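I opened this entry to look up strand pairing and pockets. The notes follow in the order I checked them.

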Amino acid sequence: MAFNPAFEAIGKNFAKIYYDTFDTNRASLAPLYESTSMLTFEGEQFQGRDDIIKKLVGLPFSTVQHVITTCDCQPSTDNGVLVFVVGQLKTDNDHPHSFSQCFHLRPQSAQTNTFVVLNDMFRLALHHV
């Protein structure tokens with residue numbers, strides 16, 4: 001099985017574009033998802049571009065800033081890429097929260113070097129005392 005040798009660059013570039021877009025205009029993330037995409041956000045599951053974007057746009061904060069600590073990438077079948085991100089996010093006037101997020105990207109078409117999110121899993125790393 002041959003893997004796309006550029007998987008690491010693809011994954012890191014995707015993460016930068018995703019979080020820059022999330023932080024400035026969450027609705028603009030819509031082209032990254034499709035009807036078969038699935039998001040698990042803090043244990044809640046959403047399928048399809050419309051439901052995913054509705055969830056992301058409806059999150060209860062006005063401003064957000066993500067800081068990526070690590071971004072690990074692996075090739076997957078059919079020239080896909082797994083992207084695992086750990087970082088911190090700051091919303092409105094709250095203190096920063098640690099988070100992890102995993103994406104499974106698949107090529108949108110064989111002719112282009114564009115990818116869509118097939119799977120997206122997000123969790124805050126909250127510490128309970």
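Predicted model: local features only at pLDDT ≥ 70, side-chain atom pairs only at ≥ 80, totals over all residues.

β1 pairs with β6 (residues 115–124) in the parallel sense, over 4 bridges.

T40 stands opposite Q45 in β2. I then checked the connection: β1 and β2 form a hairpin with 2 residues between them. In that turn, E42 has a positive phi of about 50°.

I turned to the pockets. Which residues lie nearest the centre of the largest pocket? I found F41, L59, F61, L89 and T91 there, out of 20 lining residues. The space in this pocket comes to about 290 Å³. I listed the elements that each supply at least two residues of its lining: α1 (7–24), β1, β3 (64–76), β4 (80–91), β5 (97–107) and β6. By class, I recorded 13 nonpolar, 4 polar and 3 charged residues in the lining.

The second largest pocket holds about 170 Å³ of space. Its lining, as I noted it, is A9, I10, N13, F14, I17, L32, L105, N113 and F115. Which element gives the most to this lining? I found that α1 does, with 5 residues. I recorded 7 nonpolar and 2 polar residues for the second largest pocket, and no charged ones.

Terms used
Residues numbered from 1 in each chain as written. Heavy atoms only, no water. Pairing = 2+ DSSP bridges. 1 Å grid on protein atoms, 1.4 Å probe; cavity = no way out; pocket = protein on both sides within 12 Å on 5 of 7 lines; lining within 4 Å. Points joined across faces, edges and corners; volume = space filled by probe spheres on them. Nonpolar A, V, L, I, M, F, W, Y, C, P; charged D, E, K, R; others polar.
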